[in-house]
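Hi,

Here is the model we talked about, handed over with my notes. Have a look at it first, then read on.

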Amino acid sequence: MTFVIVLISILSFNLFIYSLLLMIENRNQITMMEAKSIAMSSGMVLGLISGLYLMYILSDEIALATFIAMAIGSLAGITLSAPIHILAAMEGLMAGIMGGMMGVMLGAMLPVYDWDLMMKVLLLIMVIVLSVNVIYLYKKSKKSYPTNLRFFMMCTIVLLYAGVIFNLISSGTAIHIENVPPSHFEHGK
């Protein structure tokens, strides 16, 4: 995996922890429907990305990759919504299961040379989803945005997009064409 994928993964983990802290801090002000939406979006996107990544690592073990991806997505959905309501936790659990299964299916169907590009796109989607969750939770808590936080988030997002675009252009991934696409199970050997 490339440097950009590692960078986006670290940013996403930080955003997830930050949204969890905001959920716990403001649990009396968040409705069940809002908690369900936040848990569902986070559980789904984390299950999807972990499923694709695990399929890359465990290409010969589809059942194990599916189980682990479902567990990661479910854990993320439950963790975010459990402080609010049990039904919101159930929504996060089911969205994580569905996202994990879809991520593994996507990894099984994708040709090997498209995995790097798809992982970058999905990680950017995850950053956007988690950023929207953090921004909404800030608005819900009626706190004023610190100026340096807004500046930091905007610079980080711009740098992430620029890094991904630069990496795509420099590696030629966006225009990479093979005459005979390899089987998606050949990369694990």
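Leucine 122 counts as buried because its relative accessibility is 8%; buried here means under 20% relative accessible area, exposed means over 50%, and partly exposed is in between (1.4 Å probe, protein chains only). Leucine 122 sits in helix H5, where helices (H or I, at least four residues) and strands (E, at least two) are DSSP runs numbered from the N terminus. Beyond residues up to four places away in sequence, leucine 122 touches Leu48, Ile49, Leu52 and Leu106, with contact meaning heavy atoms within 4.5 Å. Leucine 46 is 76 residues from leucine 122 in sequence, yet C-alpha to C-alpha they are 9.4 Å apart in space.

Before going further, the ground rules. This is a predicted model, so local features need pLDDT of at least 70 and side-chain atom pairs count only at pLDDT 80 or more, while totals for chains, interfaces and linings use all residues. Residues are numbered from 1 along each chain as its sequence is written, and side-chain values use heavy atoms, with hydrogens and water left out.

Valine 121 is also found in H5, but it counts as partly exposed because its relative accessibility is 39%. Its C-alpha is 9.9 Å from that of isoleucine 49, 72 residues away in sequence.

Now the whole chain. It has six helices and zero strands, and 41% of its 189 residues are buried. Among contacts between residues at least 6 apart in sequence, 82% join residues at least 24 apart. The chain exposes about 10,300 Å², and carbon and sulfur atoms supply 74% of that (Shrake-Rupley method with a 1.4 Å probe; for residues, only the protein chains shown count as cover).

Which residues touch the most other members of the largest nonpolar core? They are Met23, Ile49 and Met126, out of 37 residues in that core. A nonpolar core is a set of buried Ala, Val, Leu, Ile, Met, Phe, Trp, Tyr and Cys residues joined through side-chain atoms within 4.5 Å. Helix H1 (3-25), helix H2 (32-57), H3, H4 and helix H5 (115-140) each supply at least two residues of this core, and H5 gives the most, with 11 residues. Leaving out residues up to four places away in sequence, methionine 23 touches Ile30, Ala35, Ile38, Leu80, Ser81, Ile84 and Leu137.

Serine 19, in H1, counts as buried because its relative accessibility is 0%. Its side chain reaches the backbone oxygen of phenylalanine 16 at 2.8 Å, and, neighbours within four places aside, serine 19 is in contact with Leu80, Val134 and Leu137. Serine 74, in helix H3 (residues 62-81), is buried too, at 7% relative accessibility. Its side chain reaches the backbone oxygen of leucine 93 at 3.2 Å, and with the same exclusion serine 74 is in contact with Gly92, Leu93, Gly96 and Ile97.

Last, the surface. Met98, Met101, Met102, Met105 and Met109 make a nonpolar patch of about 510 Å². Methionine 109 belongs to helix H4 (residues 86-109) and counts as exposed because its relative accessibility is 66%.

Cheers

Methods. Patch = residues over 30% accessible without salt bridge, like charges linked within 9 Å, V, L, I, M, F, W, Y side chains within 5 Å. Salt bridge = Lys/Arg side-chain N within 4 Å of Asp/Glu carboxyl O. Polar contact = N/O pair within 3.5 Å; in protein donor to acceptor, adjacent residues only side chain to side chain.
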